[in-house]
Each structure stands twice: as structure tokens, then as C-alpha cells.
Amino acid sequence: MNAPAFWADFRSDTVTRPTPQMLAAMNAAPVGDDVLGDDPTVQLLEAKTAERFGMDAGLFCPSGTMTNQIAINVHTRPGDELICSPLAHVYNYEGGGVAFNSGVQIRVAGDAYGRVSPEDIRGALQPQDNVHAAPTRLVVLENTSNKGGGTCLGLAAIRAAGAVARENQLAFHLDGARLWNALVHDRESPEDYGSLFDSISLCFSKGLGAPVGSVLVGNRDFIQQARRIRKRFGGGMRQAGYLAAAALYALDHHVERLSDDHRRASQIESFLKQLPWVTECKPVATNIVIFRLADGCDARQLQSHLAAQGIGISAMDARWLRAVTHYDVEDRAVDALCAGLGSFSPNRA
Ligand SMILES: Cc1ncc(COP(=O)(O)O)c(C=O)c1O
């Protein structure tokens with residue numbers, strides 16, 4: 001089946017096409033063979049990303065799923081347990097990779113917005129001296145939380161969670177697929193994140209608009225181990241500098257503009273709040289709007305109503321929908337989405 005051609009595509013921030021300037025940067029990139037260790041553009045991207053977070057080194061990978069899965073593999077051993085939010089991407093959307101790739105089981109803890117408090121972590125910890133329990137080895141946080149509605153966790157809460165991880169000798173990994181959005185929204189410093197986590201996964205193919213690619217950052221020893229696991233997972237890429245050039249362009253030009261996406265998402269939230277058939281909208285902080293329809297309404301009916309006007313949004317289940325802003329949806333697309341929502345009249349079952 002061909003993908004529907006939406007002129008206003010709010011399904012995800014992953015749908016962006018590279019801009020002409022980004023394509024020009026890709027075209028001009030000097031490249032080598034990154035598996036042999038001599039692609040200068042990949043090396044520049046890895047070094048620049050690590051430096052921004054005050055960490056030793058980075059590793060360029062094809063996807064955020066791979067950077068998360070590699071980090072989990074390095075931090076754990078088969079039979080271990082990790083703690084994450086019940087909404088976490090590593091738990092819901094990575095194809096069972098935690099179990100398949102690393103033989104690790106997951107214990108979930110946290111609220112409906114993707115936040116995991118120190119008490120949540122303490123409550124989920126397995127006693128290390130109990131032979132019946134799988135030893136807890138790792139805490140994974142996600143900032144912003146995708147399924148939580150683009151929630152920013154906030155440095156204070158992360159610091160408190162990190163302290164519990166440290167007290168219990170647990171590794172601390174951040175799925176920062178959209179950390180850029182949190183940094184811009186909360187005006188936080190990347191170095192603070194680098195000082196709190198053992199590893200951070202950063203995506204360039206979400207709000208930053210690169211076609212492909214994520215970088216895992218950590219200390220030198222961690223990244224050396226991660227490089228071996230990347231090869232094992234089949235993620236070594238050859239003339240990857242062309243892709244790294246897109247990520248470098250995004251790093252230099254597409255971070256600050258995320259505030260435009262946040263403004264547009266909050267405009268959509270305000271509109272949704274006026275609609276009688278929308279019963280809940282998760283508080284919007286960044287670029288993700290998640291909302292619920294009244295009982296009896298059908299998310300797929302709304303999706304089809306909008307699709308008929310060339311507007312794409314995602315149905316998460318029978319009642320919940322998600323709209324995501326990004327650089328390919330400008331003000332007129334937001335106006336069209338609001339008009340499309342305003343012209344919908346649900347056939348209540
Ligand atoms: C929070 C989060 N983590 C990880 C990923 C995985 O990224 P990728 O699609 O590049 O594998 C996503 C994808 O949307 C995500 O939202």
C-alpha cells in the first residue's frame with residue numbers, strides 16, 4: 001500500500017524532507033569508510049555532539065532504536081532487569097528488543113506523562129541479595145516523553161532520579177530522541193545532562209529534520225564497547241558521512257527553531273480544548289499533542305475526515321489521537337488542521 005500523500009502531515013516529526021540547504025551540505029560532505037574508522041564527517045558529528053554534552057565520545061547509528069538498544073546491551077547482562085516508564089519507547093515500540101537483543105526484563109514505574117520519580121524507582125528496585133529476583137541494573141528515562149505528550153521531565157526531577165540510581169549502583173540512560181525540544185523549552189544546558197547520565201541517545205531524524213541518524217554519547221570506554229555492539233547489530237555504515245552531514249546541518253541550524261513547533265502545538269491544544277467531543281488533552285509543552293475523544297466517538301472517523309482534506313494525524317487507539325508539529329507544517333497547515341477539527345461532527349456510537 002502506498003503511503004497517503006498529506007499536504008499537512010501531523011502524524012509524526014519524522015516525516016520531514018531534507019531542505020535544499022541540508023541536501024547541499026550532504027552533497028558537499030567529505031566521506032570515507034566509517035567501519036574502517038576514516039569517515040571525517042561522521043567523526044566530526046560524533047565529536048561535536050559529545051562535546052556539546054560535555055561527554056567523551058559519540059557513536060553515529062542508523063536509528064534511535066539502535067542507540068537505545070546498544071546502550072541497554074552495554075549496561076546490562078542477560079537476566080538483569082531495567083526500570084523505565086510504562087510509556088517508554090524502549091518498552092512499547094522497540095519490537096521487544098530489550099528481551100531479544102539483551103535478554104533483559106523490564107519493570108515499569110511512573111505516571112501517565114512519562115515521569116519517573118525517585119519514589120517510583122525505589123519502589124521498583126529489586127533487592128540485590130534476593131536470589132529469586134532479577135537484579136536491577138539500569139534506569140532508562142525518556143525526555144521528552146513521546147507517549148506522555150511531549151512532557152519535559154525537568155533537570156531537578158532527573159537529578160533526583162539519578163541520585164537514586166547512583167545510590168544503588170545502577171546505570172542511568174536517557175532516551176533523548178527529543179531532548180533537543182526539552183533543552184529549548186526549558187532553556188537547559190546540554191552539559192548538565194552529560195554530567196547526570198552514563199549514556200544519552202540523541203535523534204536527528206525527529207524535530208531536527210535530518211533524514212536518518214542518531215548519536216549515542218558516553219564515556220570513552222562505554223563508546224568503545226558500544227562500537228562493537230553496533231557492528232554486531234549490523235549498524236556499521238560505510239560512506240555514512242553523507243548522512244552525518246545532514247545531522248551536522250541540523251545541529252547548527254534546526255535547534256532554536258523548535259520553539260516555533262512548540263508554539264504551533266500549543267495553538268492546536270487551545271483549539272482542541274474548545275471542542276465538546278474532546279474530553280482530555282495531555283498538557284502540551286513541546287511539539288506533541290495527544291488528546292482523547294468522548295466515549296462513543298471514533299478516532300478513525302476523525303482521522304478519515306482529516307485525511308479527506310489532505311491532513312494526517314495518528315490514531316493511537318479507538319479514542320486517543322496524536323498530532324505532532326515539525327518544520328514541514330507551517331502556520332497555514334495548523335490553521336487547516338484547526339478548521340478540519342472544527343468541521344468534524346462525530347457519529348456517536
Ligand atoms: C522517544 C523515542 N525514542 C526512540 C525512538 C526511535 O527512533 P527511530 O525511529 O529512529 O528508531 C523514537 C521514535 O519515534 C522515539 O519517539
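Val278 stands opposite Leu293 in strand S10. Strands here are DSSP runs of E with at least two residues, and helices are runs of H or I with at least four; both are numbered from the N terminus. The model is predicted, so local features need pLDDT of at least 70 and side-chain atom pairs count only at pLDDT 80 or more, while totals for chains, interfaces and linings use all residues. Residues are numbered from 1 along each chain as its sequence is written.

S9 and S10 (residues 288-293) pair in the antiparallel sense over three bridges. Pairing requires at least two bridges found by DSSP between the two strands. The two strands belong to an open sheet of four, ordered S9-S10-S13-S12, with antiparallel pairing. S9 (278-281) and S12 (314-315) stand at the edges. Each has a single partner strand, so one side of each is left without a neighbour in the sheet.

The protein chain holds 14 helices and 13 strands. Its C-alpha atoms fill a box of roughly 55 × 55 × 40 Å along the principal axes. The radius of gyration is 20 Å, which agrees with the value near 20 Å for a compact globule of 349 residues. That radius is taken over C-alpha atoms, and the globule rule is 2.2 Å times the number of residues to the power 0.38. Of the 349 residues, 49% are buried. A residue is buried if 20 or more other C-beta atoms lie within 10 Å of its own, exposed if 12 or fewer, and partly exposed in between, with C-beta atoms placed from the backbone. Contacts were also counted between residues at least 6 apart in sequence, and 74% of these join residues at least 24 apart. Two residues are in contact if their C-beta atoms, placed from the backbone, lie within 7 Å.

Two packed helices are described by the angle between their axes and the distance between the axes. For H8 (residues 179-186) and H12 (residues 258-272), the axes come within 9 Å and cross at roughly 85°. The axes are lines fitted to C-alpha atoms, for helices over the stretch in contact, and angles run from 0 to 180 degrees between N-to-C directions. H8 and H12 are therefore roughly perpendicular to each other. Angles under 35 degrees count as roughly parallel, over 145 as roughly antiparallel, 65 to 115 as roughly perpendicular and the rest as oblique. From H8, Trp180, Asn181, Val184 and His185 meet Leu258, Ser259 and His262 of H12. By class, this contact has three nonpolar, four polar and no charged residues. Ala, Val, Leu, Ile, Met, Phe, Trp, Tyr, Cys and Pro count as nonpolar, Asp, Glu, Lys and Arg as charged, and the others, Gly among them, as polar.

Arg187 lies in the loop between H8 and H9 (190-196). Its phi is near 50°, a positive value in a residue other than glycine. Arg187 counts as exposed, with 7 C-beta neighbours inside 10 Å. Gln169 also has a positive phi, about 55°, although it is not a glycine. Gln169 sits in the loop between H7 and S6 (171-176). With 9 C-beta neighbours inside 10 Å, Gln169 is exposed.

The peptide bond from Asn143 to Thr144 is cis, with omega near 0°. Thr144 is placed in the loop between S5 (136-142) and H7. Helix H7 (residues 155-167) contains Ala157. Ala157 is partly exposed, with 16 other C-beta atoms within 10 Å. Beyond its neighbours within four places in sequence, Ala157 is in contact with Arg115 and Ser117.
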